[in-house]
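Subject: Handing over a structure, with notes on what was found

Dear colleague,

I am passing the structure below on to you, and my notes on it follow directly after. Please read them with the structure open beside you.

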Amino acid sequence: MGAAGLAATRPAEGGLAGAGPADAGQDGAWPADAELSGLRASCAAAVAGLLAAGPDLLVVVGGAACGAVYAGHAAGSLRDFGITAAGSGEPVLPLSLTAGAWLLDQAGEKRRRTAGRALPGRPDGRPGTGPARCALPCRLLLRAVAADLPPADCLRLGAELAGLAPRVALLAMGDASARKAVGVPGVADPAAERYDAEVAAALSAADPDRLASLDPALDGELLVAGRAAWQVLAGAADGTALRGHLRCAVAPYDVTYLVASWAAPATVAQAPKKSW
């Protein structure tokens with residue numbers, strides 16, 4: 001969304017799979033589209049839900065050219081989208097993780113404001129110096145997954161991540177199809193519509209099996225950037241009874257964005273152990 005999501009300038013073009021105009025900034029006068037505002041609010045609510053579950057560890061997973069592990073304080077660049085940066089220091093994060101880190105930075109700043117006092121973070125992602133996300137009350141891990149990773153390997157990685165701590169929250173970042181051509185009669189790709197509808201249904205129902213069955217051969221054809229991250233989510237959630245909530249499904253600028261939350265049903269006796 002770029003600076004358009006900040007209600008400050010004209011909309012940037014593209015999503016996690018593309019870049020907005022290089023001259024986009026936060027000082028313009030163009031109001032944000034209501035659709036973008038709703039999308040951004042849904043993202044914030046999803047992150048708030050993860051933190052409210054009280055995890056010991058929050059893992060951000062996103063597609064990238066190759067797999068890598070980053071510390072919780074790692075930085076990324078959003079200059080092409082009209083936002084200076086996510087975090088401080090040399091930008092090393094791929095775009096998917098940069099977007100996730102930016103969302104967590106916003107959550108950390110909100111926590112600081114709510115507390116009414118400084119809540120510095122530690123560079124290792126634990127409370128103590130670092131970006132705002134490090135003020136969050138849990139350890140952080142940023143995990144890039146190769147965009148072409150086969151489904152079986154994605155599922156195995158998800159299971160490994162879910163076992164890293166007693167209480168794990170997972171933030172899976174990735175675009176759906178970028179072939180929507182919304183608002184252009186006769187141009188929208190029916191295959192993209194079907195694919196996005198399948199993913200939306202799987203997210204709404206908290207159905208890891210449906211996510212696990214997504215065909216990686218369609219990633220390039222439909223310009224899907226999120227398949228690998230979703231299948232890591234499926235591996236992490238496998239065998240766990242979860243409740244799904246599709247918070248938002250929109251397609252500004254020809255890219256489909258789906259925001260959903262998965263969590264174990266809370267009971268009086270026991271809070272959810274896992275949250276996605």
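Just after helix H1, glycine 54 takes a positive phi of about 65 degrees; helices (H or I, at least four residues) and strands (E, at least two) are here DSSP runs, numbered from the N terminus. Before going further, please keep in mind that this is a predicted model, in which local features need pLDDT of at least 70 and side-chain atom pairs count only at pLDDT 80 or more, while totals for chains, interfaces and linings use all residues. Residues are numbered from 1 along each chain as its sequence is written, and side-chain values use heavy atoms, with hydrogens and water left out.

To begin with helix H1 itself, its 19 residues (residues 34-52) should span 27 Å at 1.5 Å a residue, and the end C-alpha atoms are 27 Å apart, which agrees; the expected span is 1.5 Å times one less than the number of residues in the helix. The buried residues of H1 are Leu36, Leu39, Ser42, Cys43, Ala46, Val47, Leu50 and Leu51, where buried means under 20% relative accessible area, exposed means over 50%, and partly exposed lies in between (1.4 Å probe, protein chains only).

Leaving aside its neighbours within four places in sequence, arginine 247 is in contact (heavy atoms within 4.5 Å) with Ser42, Ala45, Ala46, Val259, Ala260 and Ser261. With serine 261, the side chain of arginine 247 makes a polar contact of 2.7 Å to the side chain; such a contact is a pair of N or O atoms within 3.5 Å, of which, within protein, one must be able to donate a hydrogen and the other to accept it, and residues adjacent in sequence count only if both atoms are side-chain atoms. The C-alpha atoms of arginine 247 and alanine 260 are separated by 5.2 Å, although the two residues are 13 residues apart along the chain. Arginine 247 counts as partly exposed, because its relative accessibility is 31%.

Turning to the strands, E1 (residues 57-64) and E6 run parallel and are joined by 6 bridges, two strands being paired if DSSP finds at least two bridges between them. One of these links involves valine 59, whose bridge partner in E6 is leucine 170. Of the 6 residues of strand E6 (residues 168-173), 5 are buried, so this strand is largely enclosed by the rest of the structure.

Helix H3 (residues 151-162) has 12 residues, which at 1.5 Å a residue should span 16 Å, and its end C-alpha atoms are 17 Å apart, which agrees. Its buried residues are Pro151, Cys154, Leu157, Gly158, Leu161 and Ala162. They cover an arc of only 135 degrees around the axis, which puts them on the same side of H3; the arc is that of the directions from the helix axis to the C-beta atoms.

As for salt bridges, each being a side-chain nitrogen of Lys or Arg within 4 Å of a carboxyl oxygen of Asp or Glu, the count by this rule comes to 4. Among them is the one between arginine 156 and aspartate 153, with the closest N and O atoms 2.2 Å apart; because these residues are 3 residues apart in helix H3, they are separated by about one helical turn. Arginine 156, at 47% relative accessibility, counts as partly exposed, and so does aspartate 153, at 26%.

Another salt bridge joins glutamate 198 to arginine 210, with the closest N and O atoms 3.0 Å apart. This pair links distant parts of the chain, since glutamate 198 is in helix H4 (residues 190-204) and arginine 210 is in helix H5 (residues 208-212), 12 residues apart. Glutamate 198 is partly exposed, at 29% relative accessible area, and arginine 210 is partly exposed as well, at 28%. The salt bridge between arginine 227 and aspartate 219 (3.1 Å, N to O) involves a buried arginine, at 1% relative accessibility, and a buried aspartate, at 12%.

Helix H4 also holds aspartate 196, which is buried, with a relative accessible area of 4%. Its side chain makes a polar contact of 2.7 Å with the side chain of threonine 256.

With best wishes
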